[in-house]
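Q: I would like to learn how to read cavities and pockets. Please take me through the case shown here.

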Amino acid sequence: MNIDKFKHQHTDILRGIATLRALAHAGVEGNATAIAQGIVAMSGTIKLHLAVEDQVLYPALQRGDNAELARMGRQYQSEMASIASAYDTFARRWNTADSVRRDAQGFREQANVVLRKVYERMQREDHDFYPRIEEDETAACH
């Protein structure tokens, strides 16, 4: 299993979060259209990423020989459910310029909470989870 495609999707999502942060700092009301468009675009990437994890990554770990990775996969998948749900609620609320413009402070507050959770989760995957998978694959090849 090639972890690189997952890492690439993380890069795209992190870039989206950074763009939203920059737009918000520059002024939520004035950038409401770009913010809403950014959320819609990032939502597609996140949905694809989660689907590939659920359909490819986690099942492969369950079928593999490494019980610790299988356990980690179940834990990560379980934890992601609440983060994905929070993001979905966030994205549906803020996917239009009007909704962002009408409640700039509400957008800021919810973005700070939800996007931080997404960011922190991807950091954990990139630093703790994916390297373990890569180590296991490297060991299996030798």
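A: Take the class make-up of one lining to begin with: the second largest pocket is lined by 7 nonpolar, 2 polar and 3 charged residues. This is a predicted model.

Q: How is empty space found at all?
A: Rolling a probe the size of a water molecule over the atoms shows where empty space is left. In this structure, the search finds 1 cavity of 30 Å³ or more.

Q: What volume does the largest cavity have, and which residues line it?
A: Its volume is about 90 Å³. The lining consists of H10, I13, I46, H49, L50, E53, M80, V118, R121, M122 and E125. Two or more of these residues come from each of α1 (4-27), α2 (32-63) and α5 (104-141). By class, 6 are nonpolar, 2 polar and 3 charged.

Q: Which residues line the largest pocket?
A: They are I17, L20, R21, A24, H25, F107, R108, A111, N112, L115 and R116. The pocket has a volume of about 260 Å³. Both α1 and α5 supply at least two lining residues. α5 gives the most, with 6 residues. The classes are 6 nonpolar, 2 polar and 3 charged.

Q: Back to the second largest pocket. Which element gives the most to its lining?
A: That is α5, with 5 residues. α2 also supplies at least two. The volume is about 170 Å³. Lining residues include M1, A60, L61, G64 and D65, along with I133, D136 and E137.

Methods. Residues numbered from 1 in each chain as written. Predicted model: local features only at pLDDT ≥ 70, side-chain atom pairs only at ≥ 80, totals over all residues. Heavy atoms only, no water. 1 Å grid on protein atoms, 1.4 Å probe; cavity = no way out; pocket = protein on both sides within 12 Å on 5 of 7 lines; lining within 4 Å. Points joined across faces, edges and corners; volume = space filled by probe spheres on them. Helix = DSSP H or I, 4+ residues; strand = E, 2+ residues; numbered from the N terminus. Nonpolar A, V, L, I, M, F, W, Y, C, P; charged D, E, K, R; others polar.
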